[in-house]
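Good morning, and thank you for making time for this item.

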Amino acid sequence: MKIKKLIPSFISEVKGFLDEEEGMRLFELASEACALGPCLEIGSFCGKSTVYLGIACKRQGRTLFTIDHHRGSEEQQPGQTYFDSDLLDSRTGLIDSFPCFRDTIQKAGLEEVVVPMITKSHVAARDWATPLGLVFIDGGHSYETVMADYQCWHPHLLPGGFLVFHDIFLDPSKGGQAPYEVYKQVLASGLFEALPMTNTLGVLRRHLPMVVKKQACRRHRSEHISC
Ligand SMILES: C[S@@+](CC[C@H](N)C(=O)[O-])C[C@H]1O[C@@H](n2cnc3c(N)ncnc32)[C@H](O)[C@@H]1O
């Protein structure tokens, strides 16, 4: 069956920062990851990426955990480039994307698949203990925040699981470089292999333990240390 048919047509009207090809790739990755464990998303906003991941999880009988404080990132605050006045809560004067997110999840029929955590990523990670098949990082876009998301969540990723970054711009004139800087550092750790990118979606797969051991042995050999 064509993937496109599985995604509700209203997705094009959901506010968000993901293009259709990236969404389809997320769907495919989550479908595969569900054989390993549940999926987790950092940065849901109004639920666009959540729908692609969530529909895949629903088909496999898995859960999608989502994390977002729903107060918007720096660039979404009043006066900033991505500010959207529709999302301003007039009562508090703060951004609140949760009503929009909730509406999307309900319309997509994902209320029994998606488990939202309305908090900061590092708070959700504090007592987390569930191994994951996929982690999608699309929260704050500063170097410190992306790195903190990686550090908080990669230890929970199962061997063979996917670590996916949004907004990887190889060309600095196209967008901010912080996610790409973290992506490169993660790749250099030797814990992951890079899979083909889809537009700005950077996809890494956690090596199986044997591969990591072999790489360490190779490094040791070149340094004349027995392994
Ligand atoms: C770029 S938007 C996510 C876009 C979404 N994935 C989509 O498909 O449209 C980033 C979101 O991350 C959230 N966010 C930023 N920093 C965060 C943090 N440290 N913890 C949790 N959520 C965060 C913001 O509230 C915002 O809704």
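Predicted model: local features only at pLDDT ≥ 70, side-chain atom pairs only at ≥ 80, totals over all residues.

The protein contains eight helices and nine strands. Along the principal axes, its C-alpha atoms fill a box of roughly 65 × 40 × 35 Å.

Let me turn to the pair formed by H2 and H3. Helix H2 covers residues 20-33 and helix H3 covers residues 48-59. Their axes lie 8 Å apart, and the packing angle is about 30 degrees. Angles under 35 degrees count as roughly parallel, and H2 and H3 are therefore roughly parallel to each other. The crossing of H2 past H3 is right-handed. Which residues of H2 take part in the contact with H3? They are Gly-23, Leu-26, Phe-27, Ala-30 and Ser-31. From H3, the partners are Ser-49, Tyr-52, Leu-53, Ile-55, Ala-56, Cys-57 and Arg-59. Sorted by class, the residues of this contact between H2 and H3 comprise eight nonpolar, three polar and one charged.

The next pair is H6 and H7. Helix H6 runs over residues 143-153 and helix H7 over residues 178-188. Here the axes are 8 Å apart and the angle is about 40 degrees, which makes H6 oblique to H7. H6 and H7 also form a right-handed crossing. On the H6 side, the contact involves Tyr-143, Val-146, Met-147 and Tyr-150. On the H7 side, it involves Ala-178, Pro-179, Glu-181, Val-182 and Val-186. The contact of H6 with H7 has eight nonpolar residues, no polar residues and one charged residue.

Finally, I come to the ligand. How many residues surround it? There are 22, and the closest are Gly-16, Gly-43, Lys-48, Ser-49 and Gly-140. The shell around the ligand divides into four nonpolar, 13 polar and five charged residues.

How values were computed. Residues numbered from 1 in each chain as written. Axes fitted to C-alpha atoms, helices over the stretch in contact; angles between N-to-C directions. Helix = DSSP H or I, 4+ residues; strand = E, 2+ residues; numbered from the N terminus. Parallel < 35°, antiparallel > 145°, perpendicular 65-115°, else oblique. Left-handed = near helix turned anticlockwise from the far one by under 90°. Contact = placed C-beta atoms within 7 Å. Nonpolar A, V, L, I, M, F, W, Y, C, P; charged D, E, K, R; others polar. Near = placed C-beta within 6 Å.
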